[in-house]
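Hi,

Here is the structure I said I would pass on. Have a look at it first, and my notes follow below.

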Amino acid sequence: MNPDSDNSFLFLPDDAFFVKILDASKELNDADCKSLAEAFLESASPLSVEYLSWGFVRKSSKIVLYAASTDRLLKILPEQDIYKTANFACPALSILALGVGTERDAIAKFNQNFVAIKFENAEIKSLSIFTSDPSKSDDDNLTEFLNAEKIALGAYDIYDIVSVKETFSKLRFEIKNNTKNEVIQLKLPLLSFRKNSDVRTQDILKSAAKRRLNGLLANGGIFAILLFFLFLLVWQSKVFLDKFNVSKLEEELLTLSPASQKILEMNEQLNYLNSFSKEALFNVRLLAIVNQYRPKDVVFSKSLANTSNALDIEGVAQSIDSVNVYQEALLADPFIADAEMNILNSKSGATRFRLKLKFNF
């Protein structure tokens, strides 16, 4: 089944990929897991890693690593340009591995490929791929698949990826369990998914990220974001007058959410953008980049764009940990060259900070 998508997500053919399940301690972070996966490829692949398109997803203490020859992958794609222009590119098996339940084994058919996932003690034990014969029925293909692979599945459910939606900071998937007639909602952080699961090189990823940002700005995003930040800064002034009342902050955030969503949907105001100069929008553009990684308990009190590629921000967070997490996320963005964080003070459950950012523009 082909999922409902806005074409920003390219599902690559599963049967082009070699798949390996690796053990990974739950204490390992994403960078550690990526190093572990790359070390395995360097030792096991006949091709150098630079000639591979590869990525991974992590589920509990297992890493699902997938890799394909870049040359072979490009040859079998019907349109090679899509590989470079799509916002995201990975095989469907990566989403299925993350989205299916672990109580029973899982089977999914995506395009002409069957994917079978076997679980043991709620952990992925194996993942197999089979290219179906279009002249045969799905039942015959599935029987041939299971017999050929000798997977010995237990009780299993059959799944489809129904839809893919991209929001400002998340990827949202709907995966249907056809056996139980249930729909699973899978939400993945956009940044970490791009870093770990997209199989393309860093150069292609940076170009795709830049196109995505320009698309957001061109489609009425600037005006929406401008209104959002004006509203946000007024509200944050009230928060500071309340002397960092954290409980009140959480209540106000809940109130702000539907209002900001309504503002972001006001695309009919696009023509109003023409009254702004390009220079006047620099501050908004830079804020749009840094805001997508902002944790919920981090709020801005002041921002200043010194140049077209530098931004100073002052704000408050509930904890130093939130500030550190925010800084780490910013430094991982390809558009951000540096993010210098200074803690101004920390007391009564509130941490004030100053952030100096430089951008790769």
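Which residues have the most contacts inside the largest nonpolar core? They are Phe 9, Ile 95, Ile 117 and Leu 127, in a core of 47 residues. By nonpolar core I mean a set of buried Ala, Val, Leu, Ile, Met, Phe, Trp, Tyr and Cys residues joined through side-chain atoms within 4.5 Å. Buried is under 20% relative accessible area, exposed is over 50%, and partly exposed is in between (1.4 Å probe, protein chains only).

Before the rest, some housekeeping. This is a predicted model, with local features needing pLDDT of at least 70 and side-chain atom pairs counting only at pLDDT 80 or more, while totals for chains, interfaces and linings use all residues. Residues are numbered from 1 along each chain as its sequence is written, and side-chain values use heavy atoms, leaving out hydrogens and water.

Helix H4 (residues 92-99) gives the most to it, with six residues. Eight of the eight residues of H4 are buried, so the helix is largely enclosed by the rest of the structure. Helices (H or I, at least four residues) and strands (E, at least two) are DSSP runs, numbered from the N terminus.

Ile 117 has contacts (heavy atoms within 4.5 Å) with residues including Leu 96, Ala 97, Ile 124, Leu 127 and Leu 153, leaving out anything up to four places away in sequence. There is also a second, separate core of 23 residues, with Tyr 326, Phe 353, Leu 357 and Phe 359 among them.

Now the strands. S1 (residues 9-12) pairs with S5 (residues 88-91) in the parallel sense over four bridges; pairing takes at least two bridges found by DSSP. Leu 10 sits opposite Ala 89 of S5. In S5, Phe 88 and Cys 90 point one way, Ala 89 and Pro 91 point the other way, and all are buried.

Leu 22 is in strand S2 (residues 18-23) and is buried, at a relative accessible area of 10%. Beyond its neighbours within four places in sequence, Leu 22 touches Ala 37, Phe 40, Ser 61, Lys 62, Ile 63 and Leu 65. Its C-alpha atom is 8.9 Å from that of Phe 40, 18 residues apart along the chain.

Last, confidence. pLDDT is the predictor's confidence in each residue, from 0 to 100; the chain's mean is 79, and 76% of its residues reach 70 or more. Strand S4 (residues 62-69) is highest at a mean of 94, and helix H8 (residues 246-264) lowest at 53. Over residues 265-280 pLDDT stays under 50. Where pLDDT is low, the predicted coordinates should not be read in detail.

Cheers
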